[in-house]
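Please look through the sequence and the structure shown below before reading on.

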Amino acid sequence: MRVASAVVLVAATLSAPTAYADDGDGEVTPVAVTVNARAALSAVPETGIGTNHAIWDGQLGTDDTADLLKDAGVKLLRYPGGSYSDIYHWADHTAPGGYVAPNTDFDTFMAGARRTGAQAMVTANYGTGTAEEAAGWVRYANVTKGYGIKYWEIGNENYGNGHYGAAWEADDHADKSPAEYARHVVAYADAMKAVDPTIKIGAVLTTPANWPDGLVGGGDEGTWNKVVLSTAGPKIDFVILHWYPGALDKTAHIPDMIHLTRRQIAEYAGAGSDRIGIAMTEFNTGSNSSGTNTQPGALAAADSYATLMANGVFTVDWWNVRNGIGPVKEVEGHTDYGDFGLLSSGSCTSDGSVCEPALNTPFAPYYALQMVSKFARPGDQFIRAATDQAEVAAHAVRRPDGSLAVMLINTSSGTSYPVEIDYSGFSPAAGAPTVLSHTNGATAITSSTTGSASSQTLPPLSLTTIVLRPATAQTGLPGAPGQPTASNVTDKAATISWPAATAGARPIAKYEVHRQNGAISEQLGETSGRSLTVGNLRPGTRYTVNVIARDAGGAVSWASPPLTFTTGTPASSACTVRFTDQNDWGNGYVGGIDITNNGAPIDGWTLNFSWPRPWQSLGSGWSAVWTENGSDVKAVNDSGNGKLDTGASTTIGFVGNYSGPNVLPTVFTLNGTVCKTL
């Protein structure tokens, strides 16, 4: 991230309240919320809630700043500040070409981090630095000073060095390719770990569906991510993503964004790549037109933080603690200062006509982070939650003491929604639960005891967290099974295996394998052993499953960590399809399809497939008659390629458009037969 005043982002507005809300007589239809304690997602990480510090912020080292961040629940602080990382020299605390504020040096930063109670993440200078300089920083930090800093990034947004056209990131290397960056990551990792072998090294990746993801630069052997992971994968411990969606309704992109990143890691980073974590070291809604520091931005922030952590990201770091005034406007009844910061810098527009509130006044996203920290605490486990109303989002966690917390987000500016909550795998205690709330324009999170476990009302533009105790104390339960794995995955079956659970008061009688179908669990089978082959699966389908232990008295454990796998296509078929992404430009690509007939000769064919996501569409096609109906795509032979003898092939193609993570189609049928996909 460059200094935010130089960044221009495109945004979209929240949708207006829908007609769905009113049942015709002035009453608002209750929103159905489903919470499934047996559909576990990722555990809440220690470092989940983070933010960025910057050496141009003169308040970086103050006690007031540290205390405010502590109160917000911040557990990770990143230093020295976005693109400044690639011009910053730690030893003499200089950043040639940039401004360095007084009292922002490394030791001052660490004093503030310790007062906050947060871990530090340090970005080593790749652009104008050396591996030796980075190793010296590790020596000073962890050997000389004993700070014990675990996480070290190599550079910041280094794909922005001009290699793909745009140039905002400093890079003195003559070769600005991903291959050169990867070679230096290896050198940095070797030098830094020679000083302290316990540190974790992170490499910069491009975020799926965000520039320059998908682009192949001149002379490169692949995309930035492919080249970097192929060379540096064995040396790194985590990868670095940045995300400025520029709109408030992009949370649905997150599961595919993280899935595609993990798939790239698995494909390119070599053996043992499952050790590599994912860090979102810069995040901001980036939505100036819809509210960067007012309530709509806060709601999007809370939704995104929870979704990213539930999908296994180990830290989400807000850009920035302070940033300065930007475009000023009124958003939902309050002044939005276009400031990407959590806290006011007290700055004014250039003509002095508008000034931010007093220094350190929290903006709305501050309270979003604070709410998420109260909702999802380290050691909790995210579980599935869903609603039937697009304007209301739901998240839930299960806590080690058996209690449950549910966070509900009402993005409607005009509708106060009643909600009816249904629980699976959890029985809440009677009586009114503890309810935490933050509403539009509020300057604090309030706590009350109101409503019931199954019925609440959400004010417009609000964050609400409900904390629930179980109806009865649960003791002697079996422990959760360990991390499941999948093997022998075919188009219709897979074998699921898992480490044994620890018995509680009674012996374990069996294990159950449950598929997550949205927020509903579907039992795929059960066994007394620690492995189960499940069948009747659909080809080319992504499955997420959990394993639950049940003891001899019928008591059940927590769900295991989630396992996600994708079925393939038939090992043999009357047809074969080879599908390739031949050229990608960031929001579209050329798809090539080679069709081979392995069966009896055919005279006339129809190829069908479906777009996996609603943000994908057909632009054009050739060598066939192409039509699109919703997510369904059909290609019918043209006059010259309708006859396919046994073993014969033909090639067709299309332009596919996308505006989110581009999950490619994998299942193709030819005249109704599912083809083998290569």
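**Confidence**

This is a predicted model, and its protein chain has an average pLDDT of 95, with 96% of the residues scoring at least 70.

| Helix pair | Axes come within | Crossing angle | Handedness |
|---|---|---|---|
| H3 (residues 131-144) and H4 (residues 178-195) | 8 Å | roughly 25° | right-handed |
| H7 (residues 295-310) and H8 (residues 364-375) | 8 Å | roughly 35° | right-handed |

The axes of H3 and H4 cross at roughly 25°, and H3 therefore counts as roughly parallel to H4. On the side of H3 the contact is formed by Ala131, Ala134, Ala135, Val138, Arg139 and Val143, while H4 contributes Ala187, Tyr188, Ala191, Met192 and Val195. Sorted by kind, the residues of this contact between H3 and H4 comprise 10 nonpolar, no polar and one charged.

In the other pair, Gln295, Ala298, Ala301, Ala302, Tyr305, Ala306 and Met309 of H7 meet Ala364, Pro365, Ala368, Leu369, Val372 and Phe375 of H8. The residues of the contact of H7 with H8 divide into 12 nonpolar, one polar and no charged.

**Two individual residues**

Val545 belongs to strand S25, which spans residues 542-551, and Val545 counts as buried because its relative accessibility is 0%, under the cut-off of 20%. Leaving aside neighbours within four places in sequence, Val545 is in contact with Val513, His514, Arg515, Leu524, Pro561, Pro562, Leu563 and Phe565. Although Val545 and Leu41 are 504 residues apart in sequence, their C-alpha atoms are 9.6 Å apart in space.

His89, in turn, is found in the loop that runs between strand S3 (76-79) and helix H2 (106-116). With a relative accessible area of 18%, His89 is buried, because buried means under 20%. Not counting residues up to four places away in sequence, His89 touches Thr94, Pro96, Asn125, Thr128 and Glu133.

Terms used. Residues numbered from 1 in each chain as written. Predicted model: local features only at pLDDT ≥ 70, side-chain atom pairs only at ≥ 80, totals over all residues. Heavy atoms only, no water. Helix = DSSP H or I, 4+ residues; strand = E, 2+ residues; numbered from the N terminus. Buried < 20%, exposed > 50% of the residue type's maximum accessible area, 1.4 Å probe, protein only. Contact = heavy atoms within 4.5 Å. pLDDT = per-residue confidence, 0-100. Axes fitted to C-alpha atoms, helices over the stretch in contact; angles between N-to-C directions. Parallel < 35°, antiparallel > 145°, perpendicular 65-115°, else oblique. Left-handed = near helix turned anticlockwise from the far one by under 90°. Nonpolar A, V, L, I, M, F, W, Y, C, P; charged D, E, K, R; others polar.
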